[in-house]
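Please look through the sequence and the model shown here before reading on.

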Amino acid sequence: MADIKYYDVIIEPVITEKSMAGQMEKKYTFLVHPDATKSQIKTAVERMFDGVKVSKVNTMNQSGKTRRRGMVYGKTAKTKKAIVQLTEESKDIEIFEGL
């Protein structure tokens, strides 16, 4: 397994209606590196955002979809999503403020 730095773990936030509804319970959804572990995701979130304390991380692997162009079949890239639960005394993550 490759050495993944904390700034390479989180790729982008997931902006959907379901993920926005989870913010009321301090749950934030991120697209993460496919080889990242739960402990790596936890440390990456705590180091990237000041005043944030993570209590729980749930992950889900999404396999690539089969696509076709003409007679050639291929697969899209596999991805991994992480739902990060913050503690009650933790600050909110600022990138989700104006959404």
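What follows is a walk through this model, from the whole chain to single residues.

The model is predicted, with local features needing pLDDT of at least 70 and side-chain atom pairs counting only at pLDDT 80 or more, while totals for chains, interfaces and linings use all residues. Residues are numbered from 1 along each chain as its sequence is written, and side-chain values use heavy atoms, with hydrogens and water left out.

The protein chain has three helices and six strands; helices (H or I, at least four residues) and strands (E, at least two) are DSSP runs, numbered from the N terminus. Read from the N terminus on, the order of the elements is α-β-α-β-α-β-β-β-β. Along the principal axes, the C-alpha atoms fill a box of roughly 55 × 35 × 20 Å. The chain has 99 residues, of which 32% count as buried; buried means under 20% relative accessible area, exposed over 50%, and partly exposed in between, with a 1.4 Å probe and protein chains only. A contact is defined by heavy atoms within 4.5 Å. Among contacts between residues at least 6 apart in sequence, 62% join residues at least 24 apart.

Helix 3 covers residues 38-48, and its buried residues are Ile41, Ala44 and Val45. Seen down the axis of helix 3, these buried residues fall within an arc of 95°, so they line one face of the helix. The arc is that of the directions from the helix axis to the C-beta atoms. The partners in packing for the buried residues of helix 3 are helix 1 (6-9), strand 1 (10-13), strand 2 (27-32), strand 3 (54-62) and strand 6 (79-86).

Next come the aromatic rings. A pair of aromatic rings is described by the distance of the centres and the angle of the planes. Rings of Phe, Tyr and Trp (its six-membered ring) pair if their centres lie within 6.5 Å, and planes under 30 degrees apart count as stacked, over 60 as edge-to-face and the rest as tilted. By this rule there are two aromatic pairs. Tyr6 and Tyr7 form an edge-to-face pair, at 5.4 Å centre to centre and with 75° between the planes. Tyr6 is partly exposed, with a relative accessible area of 31%. Phe30 and Phe49 form a stacked pair, at 6.2 Å centre to centre and with 25° between the planes. This pair links distant parts of the chain, since Phe30 is in strand 2 and Phe49 in the loop between helix 3 and strand 3, 19 residues apart. Phe30 and Phe49 are both buried.

Now the empty space. Rolling a probe the size of a water molecule over the atoms shows where empty space is left. On a 1 Å grid over the protein atoms alone, a pocket is an open set of points where a 1.4 Å probe fits, with protein on both sides within 12 Å along at least five of seven lines, and lining residues have an atom within 4 Å of a point. The largest pocket holds about 190 Å³ of space. Its lining consists of Val14, Thr16, Lys18, Ser19, Gly22, Lys27, Thr29, Met60, Lys81 and Ile83. Helix 2 (17-21), strand 2 and strand 6 each supply at least two residues of this lining. By type, the lining divides into three nonpolar, four polar and three charged residues.

Three single residues remain. Lys26 is found in the loop between helix 2 and strand 2 and counts as buried at 14% relative accessibility. Leaving out residues up to four places away in sequence, Lys26 touches Val84, Gln85, Leu86, Thr87, Glu88, Ser90, Lys91 and Asp92. Most residues other than glycine have a negative phi. Lys26 has a positive phi of about 60° although it is not a glycine.

Ser55 lies in strand 3 and counts as partly exposed, at 43% relative accessibility. With residues up to four places away in sequence not counted, Ser55 touches Gln85, Leu86 and Thr87. Ser55 and Glu88 are 33 residues apart in sequence and 9.1 Å apart in space, C-alpha to C-alpha.

Thr79 has its place in strand 6 and counts as partly exposed, at 26% relative accessibility. Apart from neighbours within four places in sequence, Thr79 is in contact with Leu31, Met60, Asn61 and Gln62. Thr79 and Asn61 are 18 residues apart in sequence and 6.2 Å apart in space, C-alpha to C-alpha.

Conventions: Grid points are joined across faces, edges and corners, and a volume is the space filled by probe spheres set on the points. Ala, Val, Leu, Ile, Met, Phe, Trp, Tyr, Cys and Pro count as nonpolar, Asp, Glu, Lys and Arg as charged, and the others, Gly among them, as polar.
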